[in-house]
Amino acid sequence: MKRILIGAVAVLLLIAANGVALAQERTEVEVGAQFWFNDWTHDVPGVPSVTSDTTALFGPTIEVKFPNQVFMEGSYLVSTSDYDFPDGTRFDRQDLELSVGYMIVPGFGVLAGYKNVDMKEQFTGEKDTVYGPLIGIIGIAQVDPYLSFYGKFDYLFTKFKATGGGLPEFREDNPGWIFEFGVKFAFTREFLGTIGYKYETTEGNDSNVDDTFSGLTLGALVKF
């Protein structure tokens, strides 16, 4: 499976490099900011699951579309407030995601990338990291020049690492998936807005601990 992932990423990067070389006036760049209003449900086997207060992740996002149907995406979101749990624990979050993809036909594409999520507990200093490659598919339904619907599914080949907090370091495979859908609307030719819903979940292979984040997304983009 790792060889397949490495091969898929290599092929997409070669296509992307070709796209950069062929970049012309038709290359489109969308730059903006995104909010993700979400809560965190933490489920440990044998213990009742707990859910945090809702918080918002906020940060920059960019997408580059090349004339040969290659695209690149990137985002870096940070929590604007802590995830507060009933037991008094509080975590902040930093979320980096990068990917490169190819639209096989108009409205449908594939992608591969990398995701890194850092969660830090405010009182103990414990740091939890989820990191690793991903592959996915994306669908876009263009209703008219101003309105489109989108859907995206990513599978995560991620790992989990816990350090600090006075506990021994712990590592395990922690795969999962992300599903997102929504609407993009062009207010003008240069200014666009998005609204959608995002669901992200991972589960430890050894601990069977399940973590789920879900909630509304909002975005504002400028198109060049």
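Which residue forms a salt bridge with Arg93? I started my notebook with that one, and the partner is Glu200, with the closest N and O atoms 3.1 Å apart. (A salt bridge here is a side-chain nitrogen of Lys or Arg within 4 Å of a carboxyl oxygen of Asp or Glu.)

Ground rules first. I'm looking at a predicted model, where local features need pLDDT of at least 70, side-chain atom pairs count only at pLDDT 80 or more, and totals for chains, interfaces and linings use all residues. Residues are numbered from 1 along each chain as its sequence is written, and side-chain values use heavy atoms, with hydrogens and water left out.

**Overview.** I found 1 helix and 14 strands in the chain. (Both are DSSP runs numbered from the N terminus: helices are H or I with at least four residues, strands are E with at least two.) Of the 224 residues, 41% count as buried. (Buried means under 20% relative accessible area, exposed over 50%, and partly exposed in between, using a 1.4 Å probe and protein chains only.)

**Salt bridges.** The structure holds 14 of them. Back to my opening pair: Arg93 lies in strand β6 (residues 90–105) and Glu200 in strand β13, so they tie together parts 107 residues apart in sequence. Arg93 counts as buried because its relative accessibility is 1%, and Glu200 is buried too, at 4%.

Next I checked Glu73, which forms a salt bridge with Lys152, again with 3.1 Å between the closest N and O atoms. Glu73 sits in β4 (residues 70–79) and Lys152 in β9 (residues 147–156), so this pair ties together parts 79 residues apart in sequence. Both residues are buried. I then saw that Glu73, Arg93, Asp95, Glu97, Lys115, Lys152 and Glu200 are linked in a network of salt bridges.

**Hairpins.** I followed β13 (residues 191–203) to its partners. It pairs with β12 (residues 176–186) in the antiparallel sense over 11 bridges. (Two strands pair if DSSP finds at least two bridges between them.) A hairpin of 4 residues joins β12 to β13, and Gly182 stands opposite Gly196. On to β14 (residues 210–223): 13 bridges join this strand to β13, and the two run antiparallel. Tyr199 has Ser214 as its bridge partner there.

**Core.** Last, I looked up the largest nonpolar core, which has 13 residues; Trp40, Phe85 and Phe213 are among those with the most contacts inside it. (Such a core is a set of buried Ala, Val, Leu, Ile, Met, Phe, Trp, Tyr and Cys residues joined through side-chain atoms within 4.5 Å.)
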